[in-house]
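Here are my notes on the model. Please read them with the structure open.

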Amino acid sequence: MQINKLWSLPILSSEIEEGVTISSDGMDIILSFKCAFENDRQKNYEIRFESVLCHMHTSERFTPKMFDSYDTLVSLEESEWLDNLKILNSRDFDFWKPKHFVIYFDGSGQYQFIAREFVVSEKEVE
């Protein structure tokens with residue numbers, strides 16, 4: 001299994017204010033959090049996973065493998081989860097072309113998504 005680093009948090013996840021929230025919008029799932037920077041600047045971040053087919057959250061104490069995902073969004077190529085989904089329904093798997101994404105937040109645990117793609121957005125807090 002190959003691990004590809006895709007995006008790193010702008011600060012340590014242990015410094016995220018108000019924790020990580022998860023919400024859904026149709027087939028998309030969004031992880032949201034607020035970061036405080038120097039000079040009292042704050043930004044809201046969203047990681048949107050598009051066309052999610054499956055997802056899983058494990059608490060810090062029950063995360064069996066890190067996959068180099070501490071404070072970093074990674075993709076796992078040829079993961080066991082992807083392989084099982086392809087066996088289960090190869091036609092739809094070929095249509096969606098899903099990827100396996102993983103990110104770990106200190107204090108929140110690990111989030112895994114089988115999704116088509118991801119988009120990160122940031123917005124200054126006024």
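**Notes on the fold**

1. Start with Phe-33. Leaving aside neighbours within four places in sequence, Phe-33 is in contact with Trp-7, Leu-9, Ile-16, Gly-19, Val-20, Lys-43, Asn-44, Tyr-45, Ile-47 and Phe-105. Contact here means heavy atoms within 4.5 Å.

2. A word on the source. This is a predicted model, where local features need pLDDT of at least 70, side-chain atom pairs count only at pLDDT 80 or more, and totals for chains, interfaces and linings use all residues. Residues are numbered from 1 along each chain as its sequence is written, and side-chain values use heavy atoms, with hydrogens and water left out.

3. Phe-33 belongs to the largest nonpolar core, which has 21 residues. Leu-31, Phe-33, Ile-47, Phe-49 and Phe-105 touch the most other members. A nonpolar core is a set of buried Ala, Val, Leu, Ile, Met, Phe, Trp, Tyr and Cys residues joined through side-chain atoms within 4.5 Å. Buried means under 20% relative accessible area, exposed over 50%, and partly exposed in between (1.4 Å probe, protein chains only). Two or more residues come from each of β3, β4 (42-50), β7 (99-105) and β8. Strand β3 gives the largest share, 4 residues. Strands (E, at least two residues) and helices (H or I, at least four) are DSSP runs, numbered from the N terminus.

4. Which strand does β3 pair with? Strand β3 (residues 28-36) runs antiparallel to β2 (residues 17-25), joined by 6 bridges. Pairing requires at least two DSSP bridges between the strands. Ser-24 has Ile-29 in β3 as its bridge partner. The hairpin has 2 residues between the strands, and Gly-26 takes a positive phi near 65 degrees.

5. Is Thr-72 buried or exposed? Thr-72, in strand β6 (residues 72-77), is buried because its relative accessible area is 9%. Leaving aside neighbours within four places in sequence, its contacts are Lys-5, Trp-7, Ser-8, Val-102, Ile-103 and Tyr-104.

6. Compare Pro-10, in the loop between β1 (2-8) and β2. Pro-10 counts as partly exposed because its relative accessibility is 36%. Beyond neighbours within four places in sequence, Pro-10 is in contact with Cys-35, Phe-37 and Tyr-45. Pro-10 and Thr-72 are 62 residues apart in sequence and 9.6 Å apart in space, C-alpha to C-alpha.
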